Each structure stands twice: as C-alpha cells, then as structure tokens.
Amino acid sequence: MPTVIFVDVLLVINFMVNFILLRITALFLRRQPVFWRLCLAAMLGAFGALIIFAPVYNRAVLLFYKLLLTTVMSVAAFGCKSAGRVIFSVFCLFTVSLLTSGLLL
C-alpha cells in the first residue's frame with residue numbers, strides 16, 4: 001500500500017511548527033518581531049516543505065536548499081539590518097530546530 005500524504009495537513013502542521021520555532025528563536029535573540037512577519041516566514045517554511053515531492057537525491061543540494069530556506073525565513077521574520085545579524089539569526093534558528101527535534105526524539 002503506497003504512502004498517502006495530504007498536502008493541506010503537511011502545510012498546516014509545517015506552518016505551526018515553523019511558527020513555534022521562529023517564536024522560540026525570537027526569544028533567544030531577544031527580539032520582538034511583528035506577528036505578520038512571523039506568519040510570512042512560517043508560511044515560506046511550510047511551502048518549502050513541499051520539496052519532499054521533488055525527486056532530489058543529492059544531499060548537497062538538499063543542504064543548500066535548507067540553508068537558503070532558513071536564510072529567507074530569518075530575513076522575512078527578523079529583517080536584514082546587517083549580514084552579521086542575518087548569519088546569527090540563521091545559526092540560532094538552526095540551533096533551535098536541532099534542539100527541539102532532539103528533545104522530541
């Protein structure tokens with residue numbers, strides 16, 4: 001029996017998880033992002049999860065895609081005041097994501 005993935009459920013769950021991760025990242029960064037910016041970044045991350053339907057098997061391409069998506073999400077949520085702040089917010093978002101996934105595992 002083939003695996004069935006409902007796209008609407010995938011998008012909603014990814015939106016909620018991304019929103020929570022961005023909110024936790026904002027707490028670590030001690031920033032108060034605007035609600036609509038967090039929603040926009042979470043929506044970008046949710047639509048970014050649709051990569052699972054693409055036949056990409058190269059791990060380097062997937063890593064670059066995730067890094068690019070995380071950068072776009074960070075800029076959308078926290079702004080782009082300087083390159084250092086963007087790099088730090090991307091690093092913090094990656095760290096929060098890894099810590100929460102390890103905690104849930």
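Which residues are buried in H4? In this predicted model, the buried residues of H4 are Val86, Ser89, Val90, Cys92, Leu93 and Val96. Seen down the axis of H4, these buried residues fall within an arc of 165°, so they line one face of the helix. The face turned away from that buried side carries exposed residues, namely Ala83, Ile87, Phe91, Leu98 and Leu99.

What, then, covers the buried residues of H4? The cover includes helix H1, made up of residues 7-29, and helix H3, made up of residues 59-78.

The crossing of the two helices is right-handed. On the H1 side of the contact stand Leu21, Leu22, Ile24, Thr25, Phe28 and Leu29, and these meet Phe88, Ser89, Cys92, Leu93, Val96, Ser97 and Thr100 in H4. Among the H4 residues in this contact, Ser89, Cys92, Leu93 and Val96 also belong to the buried set described above.

Helix H3, the other named part of the cover, can be followed through one of its residues, Thr70. Is Thr70 buried or exposed? Its relative accessibility is 11%, and since buried means under 20%, Thr70 counts as buried. Leaving aside its neighbours within four places in sequence, Thr70 is in contact with Val90, Leu93 and Phe94, and of these Val90 and Leu93 are among the buried residues of H4.

Returning to H1, a further residue of that helix deserves a look, namely Asn18. Asn18 is buried, with a relative accessible area of 11%, and, when residues up to four places away in sequence are not counted, Asn18 touches Ala42, Gly45, Ala46 and Met73. As for its place relative to another part of the chain, Asn18 lies 64 residues from Ser82 in sequence, while the two are 23 Å apart in space, C-alpha to C-alpha.

Key. Residues numbered from 1 in each chain as written. Predicted model: local features only at pLDDT ≥ 70, side-chain atom pairs only at ≥ 80, totals over all residues. Heavy atoms only, no water. Buried < 20%, exposed > 50% of the residue type's maximum accessible area, 1.4 Å probe, protein only. Helix = DSSP H or I, 4+ residues; strand = E, 2+ residues; numbered from the N terminus. Arc of directions from axis to C-beta. Contact = heavy atoms within 4.5 Å. Left-handed = near helix turned anticlockwise from the far one by under 90°.
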